[in-house]
Amino acid sequence: MNSKIALTIFSVLSVALIGGLLFQIVMLFRTGATGTSELVMTIAMMVTMLILIPIFLNLRKDVKAGLPHDDELSKKVKMFAAGYSYYASLIFWLVLFAFHSYIQKDDLIMLGLAFMILSFGVNWLFARRKGFQ
């Protein structure tokens with residue numbers, strides 16, 4: 001994928017996320033429903049936005065410098081992180097299914113998906129910072 005196309009797609013998705021966050025906040029204040037799930041979802045969206053800001057700035061800097069979006073090292077880091085996060089998520093899914101009688105089905109799926117995302121992010125950061133062994 002071209003760096004300019006990636007920057008455009010990332011910008012559109014970021015604007016959509018900001019719009020969704022603002023809509024969520026307006027709806028929370030309008031309905032007065034400040035339940036736990038609404039607050040957790042709003043906080044998660046805000047954290048996601050804060051994470052996206054440095055990514056957007058780095059991508060913009062790379063586009064201005066004319067650097068490619070995906071080089072060989074970044075592809076290798078993604079593959080390394082994907083492999084280890086797949087293994088970790090399989091183990092976590094087995095643990096979740098072992099305790100499925102204590103957890104509701106919706107919470108079970110959300111916990112599994114959240115761990116998969118978190119596992120990929122942690123493995124990606126580890127591979128990016130420490131390198132490969």
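Which helices each supply at least two residues of the lining of the largest pocket? I found four: α1 (3–31), α2 (36–65), α3 (72–98) and α4 (105–130). Helices here are DSSP runs (H or I, at least four residues), numbered from the N terminus.

**Basis.** I worked from a predicted model, in which local features need pLDDT of at least 70 and side-chain atom pairs count only at pLDDT 80 or more, while totals for chains, interfaces and linings use all residues. Residues are numbered from 1 along each chain as its sequence is written, and side-chain values use heavy atoms, without hydrogens and water.

**Confidence.** I noted a mean pLDDT (the predictor's confidence in each residue, from 0 to 100) of 81 for the protein, with 94% of its residues at 70 or more. Confidence is lowest in α2, at a mean of 77, and highest in α3, at 89.

**Pocket.** I looked up the lining of the largest pocket and found 42 residues. A pocket is an open set of points on a 1 Å grid where a 1.4 Å probe fits, with protein on both sides within 12 Å along at least five of seven lines; lining residues have an atom within 4 Å of a point. I51, L52, I55, F120 and W124 lie nearest the pocket's centre. The largest share of the lining, 15 residues, comes from α2.

**Helix pair.** I then turned to α3 and α4, whose axes (lines fitted to C-alpha atoms over the stretch in contact, with angles from 0 to 180 degrees between N-to-C directions) come within 8 Å and cross at roughly 150°. The crossing angle therefore makes α3 roughly antiparallel to α4 (angles over 145 degrees count as such).

Conventions: Angles under 35 degrees count as roughly parallel, over 145 as roughly antiparallel, 65 to 115 as roughly perpendicular and the rest as oblique.
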